[in-house]
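Hello,

Here is the structure for your files. My notes on it follow below.

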Amino acid sequence: MNTQELQPERVFYYFSEINKIPRPSKHEERMIEYLQQFGSKHNLETITDKAGNVLIRKPATTGMESKATIILQSHMDMVCDKLVDCNIDFMKDPISTYVDGEWLRAKGTTLGADDGIGCAIELAILASDDIEHGPIECLFTTDEETGLTGANNLSKDMLRGEMLINLDSEDEGLFYVSCAGGKTTTATWNITATESPDKGLFFLRATIKGLTGGHSGDDINKKRANAIKILTRFLYLEQQKMPLLLARFNSGKLHNAIPRDGEIVFAVPFSEKETVRADWNIYCAEVEEEFHVTEKSIAWHMESTDSCKLIPRHIGDNVIKALQAVHNGVFAVVQDNILGDITETSSNTASVTTTDEAITIVCSQRSSVMSNLTNMVNTVRAVFELAGADSITHSDGYPAWKMRKDSHLRNVAQQCYRELFNAEPKVIGIHAGLECGLFAERYPALDMLSIGPTMRGVHSPDERLHIPSVNKIWMLVTEILKKI
């Protein structure tokens, strides 16, 4: 990437520097070291806490000393994903980027713009000598992508600022002022898979691929199909007609992603094999019609397969019933639609994994109302309890960030946006987790706003950054610093 061809040049210079540094979640050591060296080089107060979070303070420019302290914040880790034929070691190798029209992409990997571009904006401001601003604190957090660990372990006395701009959003022109809290529920059935002594069984393998999928927060309200639920529906229908034994059910990878593909292996009486195949063909056509708007590339497949170990009937039956019954999708929308008709509470059936010893289901719950988050978690848990799961556990979770009705930061940012671009930004809430929820928990008086340049395909090798939107965010942030 030739940073001199991209604007603002100083931001893309630091983004290219960041992308030379390996920084998978939970392995940000070299990024931490880079930030420490940066602070030392520019004679700026630099603090690193026990969680690896780095805070760099910059004094106000001359004449701006009486201004309120502004915190700029982004996370230093990135999701590391690549195409199958891409030869890269994310622990050692840099990210290779290229320009594709108005977009910046990576060669076969995630780009790391989430949230490397936020870090780059902060570094460019810290290194500048031509931007007017009051006192600034730049906070770089660790392990946002896999556990919000840095924000979750931030001390209550680290920050001095009264206002915080989070630079981890992905749509220029949208001002995020609230987010959902969340928890993850994991249910496990212990099994002893055994070879079937019944020679009169016929084994089938069925798969679904090509679903749209998406983020379990941002996309849960877009009526997309969930591979786990689609496969479960078929198993449940057949279970009502004939004796069915489950052998394997594997689908989904990440707790915060809507599963796009999946595989089931099951056995039925030999006399029922043609019935199952006919039912499958009818079922596929019905589901394609049901999701004809959101799922245009579904790939179905069913074939006979070799006999294999089976899950005990009573456990297999209960797992199928649990997956049929467990809530998936939007559970409630916000009651006071100040920000529009956005999702309040949801659950995503995220993954099913089968081994010879256990079958495990992971579901992710979100809500902007913490009492309804508890309700959603308990609703999911109750299904698994009724289905006889041997263990049910919950992650620690993270809190929601509620909209602040009277926000000086938001008002100034809106006015700056109007003056700069002769347009009105959209103030909105997001049904996903942001570190702002944890900051609000530790610093209740903090006035916050989340913004960022436009990105698409984040967390995948299709991740791309809209170059012109970076300049708009740069102009907006620097204008807010001057006007606040």
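A charge counts as sitting over a ring if NZ of Lys or CZ of Arg is within 6 Å of the ring centre and within 35 degrees of the ring normal. By that rule Arg464 lies over the face of Trp103, 5.5 Å from the ring centre, and Lys472 lies over the face of Phe421 at 4.7 Å.

This is a predicted model, with pLDDT of at least 70 needed for local features and 80 or more for side-chain atom pairs, while totals for chains, interfaces and linings use all residues. Numbering runs from 1 along each chain as its sequence is written, and side-chain values use heavy atoms, without hydrogens or water.

Rings of Phe, Tyr and Trp (its six-membered ring) pair if their centres lie within 6.5 Å; planes under 30 degrees apart are stacked, over 60 edge-to-face, and the rest tilted. The count is 11 aromatic pairs. Phe234 and Trp280 have ring centres 5.0 Å apart and planes at 80°, so the pair is edge-to-face. Phe234 lies in helix H6 and Trp280 in helix H7, so this pair ties together parts 46 residues apart in sequence. (Helices are DSSP runs of H or I, at least four residues, and strands runs of E, at least two, numbered from the N terminus.) Phe234 is buried at 1% relative accessibility, and Trp280 at 4%; buried means under 20% relative accessible area, exposed over 50%, partly exposed in between (1.4 Å probe, protein chains only).

Ring pairs link Phe234, Phe266, Trp280, Tyr283 and Trp300 into a cluster.

Regards
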